[in-house]
Amino acid sequence: AEKTIILAFESSCDETSVAVIEDGTKILSNIVATQIASHQRFGGVVPEVASRHHIEQITSCIEDALTTAGVTYDELTAVAVTYGPGLVGSLLIGLMAAKTVAWAHHLPLIPVNHMTGHIYAARFAGEFNYPQMALLVSGGHTELVYMPAPHEYQIIGETRDDAAGEAYDKIGRVMGIAYPAGKAVDELAAQGQDVFNFPRAMENEDNFDFSFSGLKSAFINTVHNADQRGETLNRADLAASFQQSVVDVLVHKTMRALAQYPVKQLVLAGGVAANRGLRTALTEQLATQQPEVNLLLAPLKLCGDNAAMIGAAGYINYQFGDRAAWDLNAQPGLSL
Ligand code: KG4
Ligand code: ZN
């Protein structure tokens, strides 16, 4: 059979990325131009700065993606693009570039929800097995997603305030760690102990929702109170205590969801899925509590934003007949 070759675009936040994906799971190229250095001095992503970087990077990303893959425009089957959720100005650059390529080369345009992209990053680690559950943890979202069948997504629980990654970035800022702080806090946590015993919000409530703003406040209060007493707290212990609280709640709520929704597989995806504490705890708890459920972890290198995952999600959308019109607009608040 003919190969399906998708040129995929991702520009929802602070990474400009273009990838070439063959038959949904083979990465021919995955170019990621990060802007993190430009946002660090502001302590977070500045939307106008992000848009300008996307404009500057997108053309060379397309050229790099095609050259690295050894693929010409003629060999492409379709173009896939993230149209939400994300920053509107950032999304628009990827959309404009994707539409231009699709229109000029008479290719179908496939709309992709960024969050389905994160889930499909795990597809590079193995097959999907339905029904399955996904724990989606990123900088903007924390969701439990039930997938009864391919191309079907039901959010059964989500955060009521901060996302898990957002909490990492905020407490990281208090500790003087550059944005995005998740990876550095994770590494620091590995050297400390949970001595502060921060709150585990909503852990025992009978739902699948999360809340991380109380934990963030407890963390900030602990640091400020110590400052006022002229004390310096152990940074590794602070990080370990924060991380243990996040991981406990994420794992506990996921186990609760699995008890109510019988599934064959659990997928862990999103930027925070790179967290080592979370990967280890989920692996151990699943093995003891739900040994019949298979765990599929998104590959470490594909947890963060990238276009390869958009190509994988775009492939399933393509098979299901999803096609966008030329007036496809950015949807900053798009949900699953
Ligand atoms: O999915 P992602 O790349 O972007 C969004 O769509 O939001 O997620 C980025 C988030 C940031 O908040 C970053 O601090 C966090 O993922 N992150 C981590 C780790 N690596 C990245 N959080 C905890 N532990 C990590 N190892
Ligand atoms: Zn993301």
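What share of the contacts in the chain with a separation of 6 or more comes from residues 24 or more positions apart? In this predicted model, such residues account for 76% of those contacts. Keep that in mind as you go through the views below.

**View 1. The whole chain, with its helices and strands.**
Start by finding your way around: the chain has 10 helices and 10 strands. Its radius of gyration is 20 Å, close to the 20 Å that the globule rule gives for 336 residues, so the chain is as compact as a globular protein of that length. Along its principal axes, the C-alpha trace spans about 65 × 45 × 30 Å. Buried residues make up 49% of the 336 residues.

Domain 1 brings 13 residues to the contact, and domain 2 brings 19. On the side of domain 1 that touches domain 2, α1 (36-40) and α4 (114-121) each supply at least two residues. Helix α4 gives the most to that side, with four residues. Sorted by type, the residues on this side of domain 1 are six nonpolar, seven polar and no charged.

**View 2. Three residues listed together in a record.**
For "binding site", an unreviewed UniProt entry lists His114, His118 and Asp305. Although these residues are spread over 192 residues of sequence, they cluster in space, with a largest C-alpha distance of 8.7 Å. Look next at two of them in turn.

You will find His118 in helix α4. Is His118 buried or exposed? His118 is buried, because 30 other C-beta atoms lie within 10 Å. Leaving aside neighbours within four places in sequence, His118 is in contact with Leu136, Ser138, Ala269, Gly270 and Met309.

**View 3. Asp305 and its contacts.**
Asp305 sits in the loop between β10 (294-297) and α10 (307-319). With 27 C-beta neighbours inside 10 Å, Asp305 counts as buried. Which residues does Asp305 touch, not counting those up to four places away in sequence? They are Glu10, Ser12, Cys13, Glu15 and Ser17.

**View 4. Ala104, an exposed helix residue.**
Ala104 belongs to helix α3, which covers residues 88-104. This residue counts as exposed because it has 9 C-beta neighbours inside 10 Å. Ala104 and Tyr73 are 31 residues apart along the chain, and their C-alpha atoms are separated by 9.7 Å.

The UniProt annotation "domain: Gcp-like", from an unreviewed entry, covers residues 26-311. Over this stretch the chain is 47% helix and 16% strand.

Notes. Residues numbered from 1 in each chain as written. Chains lettered and ligands numbered in written order. Predicted model: local features only at pLDDT ≥ 70, side-chain atom pairs only at ≥ 80, totals over all residues. Rg over C-alpha atoms; globule rule 2.2 N^0.38 Å. Buried ≥ 20, exposed ≤ 12 C-beta atoms within 10 Å, placed from the backbone. Contact = placed C-beta atoms within 7 Å. Nonpolar A, V, L, I, M, F, W, Y, C, P; charged D, E, K, R; others polar. UniProt positions renumbered as here; feature names shortened; annotations may be inferred.
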